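Here is a walk through one chain and the partner it touches. Keep the structure open as you read.

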Amino acid sequence: MDIIANRKIFLLIAAAIVVTAIGIIATFGLRFGIDFTGGSLTEVSYEVSPDKAAVEEVVATLGLTSASVRESVDEAGNDSYLIRTRDLSESERLELSSAATELGTGGEVSRFTSIGPVIGQELRDKAVWAIGGVLLVIILYVAYAFAGIGTPVRSWTYGGITILVLMHDILIPTAVMSLLGLFLGAEIDVLFVMALLAVLGYSVNDTIVIFDRVREQLVANRTEHRVEREEAGIVMADVTYTLDKPYTELVASAVSQSMARSINTSVTTIVSLVALYFIGGDVTQTFALVLLAGVVAGTYSSICIASPLVVAYAKWRGVDVDSVQTTKTI
Amino acid sequence: MTESNEPKTSTQSFLRLFRASIVLAAIGWLAFVVYGPVINPDSTHPFKLGLDLAGGSQLVYEADVSQVDPAEVSELMNVLRDVIERRVNRLGVEENVVYLEQSSFVTEEPIERLVVELPGVTDVSTAVAEIGSTPTLEFKLYDAELDAQLQATRESLDSLATTSASTTDVEIDGELAVVEPPFTDTGLTGRYLESAALEFAGGTGGQLSNEPLVSVRFTAEGGDLFEEITRTNVGNQLGIFLDGELLSAPNINEAIPGGTAVISGGFTPDEARALAQNLNFGALPVPIELQSTQTIGASLGEEVLQKGVQAGMIGFGLVILFMMLWYRLPGLVAGVALLSYITIMLALFQYIPVTLTAAGLAGFILSLGMAVDANVLVFERMKEEYRAGSSSRAAARDGFTRAWSAIRDGNITSLLSAIILFWFGTSLVKGFALVFGLGVIVSMFSALVITRTLLVTLPDTDKKSGTLLAILFGNGLSK
């Protein structure tokens, strides 16, 4: 099936997926963990665990309002409760842990995390700045890589589309995380940010590899026109290119040539992530799942969104993409 | 460069073989070095595991530098780190780490932080108590007026207590005991302390012979302040307070220049030594407040690591299996190159050293993906050439030449991203970025040098010959 010829269908599917993902995030929201909001998380494990109500009562007795208690299983396989409260002081921490461990047999605090609100805020700010910086550099580099090769659209377009595709690839794992939060109570923590950063790297690489083929096709199928003129004694050359084949055809062959590579690279990545999901610890399970969603989205988008989007944009800008007589290119 | 314009001499093939052997030997040697710490626990270059993998606690303190001249902040923070480091060392935790961190320019006002990492410690109460044990030293002046006032209050309260003792709260007695001593602040505190030492009195000046004393030396600024206080208050009493408790209140007989003072308080030699030490260790230059605590059980960290390594090994095995099934002989070469990639990365982790955290492992997985991708890109190009009739060696060389621009662009953007993340990010993001950045560089090396060297060393063939070797250079479902 020719993806470029049927680009409307693929772009519609992509639009539908994006709208669904945004809808999911908007409806169900995201559960931010204490890494971002500040607060304390105490995991108490038991050999024989008490009722959830008993734990909740202890928490309430200590005057810790707006606390939440969630059933869980610790890394050693024992039943445990995750008690999320506001940022606890050292004495409050001691009170809570002694009161909660006494409730069941073999009670033990297996994990305690307390994050001040300022640190959470800072993490958010820094993440936003860092990702903003990365996006800027990618646009600049991709635009630079495509500059001066005679493409019917500006070289900036490729950078811009790389970023659009990237947003698609980030949106889907975020929607998955929203659903995980809804059904399993998973919270957005630092590991999730790491997973998104990894998806970011993967997505950009995937898109760039395909655009590299497009670039190769453009260079291989262009005719150079050189007009020399003399101005104030200096000889200057105006170089323009004419493409020998329709733009759609060039992009289509780039896509079909990269197909095997895209699929093989994805298969290897997916295989290792599936192994991480099933064999790795509970801590990395959500991480693996989010990354998996990102990699699948990244593979799909680099093949079925990036290149169709370039062609659609070129056509919208008035480039005659289906005909051989492409006019002078920039 | 193609095969045709290269003389097919035995020297050429010997050189190829020689280069390949050197590459393999170097990797083998590196693998042996990397494996060292696994069999020898006393190795000088062990893997450093972050708290989330090894288990332990992390305490983050915020320093209040609002009262300090901005120019002095960085110096004072370094002093603070040294003091806290000495205190933490007293806990006897091995491999503890104390470092400073400043919130970046992203936040409006820079916040100075001090981070204490205690591997293996899951009960932070002792540590928090030890770090927080700030012996504050204060010099205060006796205030006769205040004393009289306090005396009056005390008497009236006393009479109140006797009249109402039977009916109302008995706690009044408790409150009476904590009525402040009649002293006023002078501004001279432990902040101006340079050092403290144990001394024994020489038996002069009305002191008992051989009485243990603590002599303190002030900084230049503190010495001036001390001299001024003593000059303007001759005849008054100067109270020396440790942790809010009055130790002694000697009379000021004359102005004391030179910036030294002696604290006597009926100490035993051990008490005096402990006090001198506490003063040396304890004069925190700026107040600190515990802002975040993070504790990861050692068993939790161990499980994460163990399962993570297991998952990594199985995942990696599956990747190599897939590569060998799909790309056959070149796939095997890719397997060797990927193993080299992992070996080099592990060696870097040991020798830089890089502290391994869960975030770092995420970066490692991602860069491993990039390493696989570089091989796949080359093999796909090679496949095109090989099918078109090139000999296997020429196809391999062309494969590298033609895949180069894609590998370059992908890796440069990744490297730039890693640099930016390292620059902006918080310590966790930095851990991810560092490993990812290193991984990108090493993955390029492994694909472009190791895969290439080994691939061109393989015996030459072409598709038309139809031999077993020719089939081994094919790929996918085709013959």
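This is a predicted model: local features need pLDDT of at least 70, side-chain atom pairs count only at pLDDT 80 or more; totals for chains, interfaces and linings use all residues.

Chain B has a mean pLDDT of 78, with 83% of its residues at 70 or more. Helix α6 (residues 171-177) of chain B has the lowest mean pLDDT among its elements, 43. Helix α11 (residues 392-424) of chain B has the highest, 90. Two stretches of chain B stay under 50: residues 1-5 and residues 165-179. Beyond four places in sequence, the model has five contacts for residues 1-5 and seven for residues 165-179. Overall, the model scores ipTM 0.81 and pTM 0.73.

Look next at α11(B). This helix has 33 residues. From first C-alpha to last it reaches 46 Å, close to the 48 Å expected. α11(B) also has a kink of about 45°, centred on B:A403.

Turn to the contact between the chains. Chain B gives 61 residues and chain A gives 55. On the chain B side, elements supplying at least two residues each include α4 (124-132), α10 (358-387), α11 and α12 (427-457). α9(B) supplies the largest share, 15 residues. By class, the chain B side has 34 nonpolar, 22 polar and five charged residues.

Strand β4 (residues 108-115) of chain A runs antiparallel to β12(B), joined by four bridges. Within this pairing, A:R111 has B:I296 as its bridge partner.

Note on methods: Residues are numbered from 1 along each chain as its sequence is written. Chains are lettered from A and ligands numbered from 1 in the order in which they are written. pLDDT is the predictor's confidence in each residue, from 0 to 100. The expected span of a helix is 1.5 Å times one less than its number of residues. The bend at a residue is the angle between axes fitted to the seven residues ending there and the seven starting there. Ala, Val, Leu, Ile, Met, Phe, Trp, Tyr, Cys and Pro count as nonpolar, Asp, Glu, Lys and Arg as charged, and the others, Gly among them, as polar. Two strands pair if DSSP finds at least two bridges between them.
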